[in-house]
Amino acid sequence: QNSVALTYEVGTAIEPVTLPAAGEGRGTPPYSYTLTPALPAGLTFDEATRTISGTPLVAAPATEYTYTVTDAANASIALPPFTIEVQASDAPTGGLMYEVGTAIEPMTLPDDSALQLGGGTPPYTLSVSGLPAGVSYDEATRTISGTPSEAGVATVTITVTDANGASAPLPPLTIEVMLPPLDAPDALVAEDYKGADGQGDQGGFLLLSWDLSDDHDTLDGYRIFREIPSMNNEMVPWAMVDAVPGVETGRAVVATLDNVSTRWAIAAERDGRTTHGAAKAAFVSAENPYELMAETMTASMEAAQAGDAPVFAALLPQALAFAQGAAPRLQSVEGVVQQSEVTVTEEAVRAIDDIPPLPVPWLSALDAPNDEGGRVALTWTPSPSDLILRGVAGAIGPAPFESVLGVHGYSIYCRAEGDDEFVLIGQVARGATSFVDESAFNGVRYTYQVRPFDLDNETAAIVERKAMAVRNIALDSEGRAIFGLFGADDRVGFDDFFILADLFGLTAEDDGFDPAFDLAPSEAIDFDDFFILADNFGRSTAAAGKIVPMLAGLNADARMYLDARTAMPIVGEDFVLDVRLADFAAIKGYGLQVQYEADKLEFVEVLTDQPLGGSALAAPQVLSEEGGVLALVAHGDVVSDGEVALSLVFRPTTEIENTVIEITDNQTYDSAFGFNRLALPAPVQVQTRPEVFSLANNYPNPFNPATTIKYALPQAADVQLSVYNVLGQPVRTLVAEHQNAGRYVVEWDATNDSGHSLSSGMYFYRLEAGGDFLETKKMLLLK
């Protein structure tokens, strides 16, 4: 080692230095090695291994050392020198640690040559004081040796006296003697505590089980640690439990103060403990309720009895500080605390609340009032468990029971009509009894549930309520209020009637009654509300609300038919049109809109012998009738087979050559609250029976190339309609047959019976009917 300077510090063991061996092929082995001058006190040179090692005891100035190799022929060679300097330490010399009952390795103090470096006149005398019990100093050999018998920390003073009686102390030497290590528990298992009866508890407690330390009978107890994720998974002292005599397995119930999954650890401990009082003062104010816990840490220990029943571990101040949101920190300990190695659980475990809250006993779901829709208001009676429940007595504090929250909050679930699953739409804290669903669509029927939950359980609902968001504030384009707009569109129509009809007959005392549908406020949904809806039928809003397509119903394959019983009614006499519904799956309600010419026809009534059950709206009702537009509705029990029929009675008010009655809109409503519009049936043509035989003027006239001729028969008759030229010769027979009463139209294309075109000129057409009627008219063909 060429030109190397080695610097060390008093009291700190040096890294061993191995000096080089003799080079191969040089000199005659064996070799011997010497190092001069003497090394600083505390350092030694082992010639066999050529190693410098040890712990410097006194400061020494930089000194040059010569390393000499001598072979068997006594030939020597000195290798390049190096220096060693020992610097004083700011702290007392330390780092010497021994164990009670184990002999220490003898330590030789410096000889005169080393001491002379510090001054004075040799020979020197050394005196040593303050050695641990069981350890002694041999002045003759200047050696400290022995077997420590007591644990503790000793500060050893070494005094050097020279030949003239002058004396001076060497730097002090600290020796720590520890008790032999305690045997740690072999295994630790953490699991959820199930309560004294094993049926479960309200959570917040774990049951720890461990193999006892071999030193169990001499222990003060076991210290329990918890891994805190927010503190980089540091193991924080959490609780303390006595070493209960007479047990075969250690078992303790520990309060977790939360339900976070963490790992746990345990260590055996004796000969002193952390002072609970001092630590408590550092973490807990007098006003804080956790002080009650800290003041009674001994309560659970006093409850510990012989046997295998678990005892309750006393929480330490660090756990209480954590519960308050403070960062736990270790408290310094006066005296000696002997602790074994820490045994850690293999997996993270958390406390589980095994007892679910009791369900909500009552629930109301109503449209939120005075809005433009889209909101449903829920109110409920709290779960009977929504209070502070009794926990495990003495587990934390001195109270006869510990506070455990039976309910941590409420989950609100919703299912739209037609959906299979409930969906979570919100949560509120414990103690809450209301919630507003702001996500509802107008005209959609929802089913709601409120389920209480704690840290580990959510209780199924035993009650559920249906509700629908509707527009309580709706205006038309002129700013006038619209009433009865319940459905998903912006027009008061059949769907709104069906919605109202579903609630028809309910009073304020009934479940399902919603004031939003009580249009004529009377605390009942009755005909007064029906009439208000009828007055608003067909009206539309100026602005759209939250709209979704109506729920598709079950009757997509249903058909509607329209037929006339009477071929040609007489003016002033009633006639009937039959409406039939067929091929449906399930009908609970229906609506149809009928259009006719009000200046020719008068609607008389609607009849049926097939009502939808016996409810007030089971027979068809006139919802509106204005300007030749008639709306009819019915709602009742579900019909799932056969046909549903009704009859529309009309009366002609004047002669009618040709008009139509047609169904322009319809809708069915089924048991699943779905809607279907059906294909519209063909219109029915209507004409009244003629009162007399008549022949009308042809048109156009003059004509080219064709003209139309009309005639009327009040009764069935043999009819002949012929065309003649100016010479009275027949040129074309247009009709020659027996015909029923009615009005007829014939077109002539100016050809003869042979199909040849006729020339321009005057022609005559003559109608003969029933043997008594004969009339002739003329027409002009111009080409």
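A charge sits over a ring if NZ of Lys or CZ of Arg is within 6 Å of the ring centre and within 35 degrees of the ring normal. With that in hand, I looked up Arg226, and its charged end sits over the ring of Trp238, 4.9 Å from the centre.

A note on my source: this is a predicted model, where local features need pLDDT of at least 70 and side-chain atom pairs count only at pLDDT 80 or more, while totals for chains, interfaces and linings use all residues. I number residues from 1 along each chain as its sequence is written, and side-chain values use heavy atoms, with hydrogens and water left out.

Next I turned to aromatic pairs, in which rings of Phe, Tyr and Trp (its six-membered ring) have centres within 6.5 Å; planes under 30 degrees apart count as stacked, over 60 as edge-to-face and the rest as tilted. My search of the whole structure finds 25 such pairs. I picked Phe486 and Phe517, whose ring centres are 4.7 Å apart with planes at 55 degrees, so this pair is tilted. Both Phe486 and Phe517 are buried (under 20% relative accessible area; exposed is over 50%, partly exposed in between, with a 1.4 Å probe and protein chains only).

Is each one buried or partly exposed? I found Phe527 partly exposed at 30% relative accessible area, whereas Phe530 is buried at 2%.

Last, I noted that Phe527 and Phe530 belong to one aromatic cluster, whose members include Phe531 and Tyr669.
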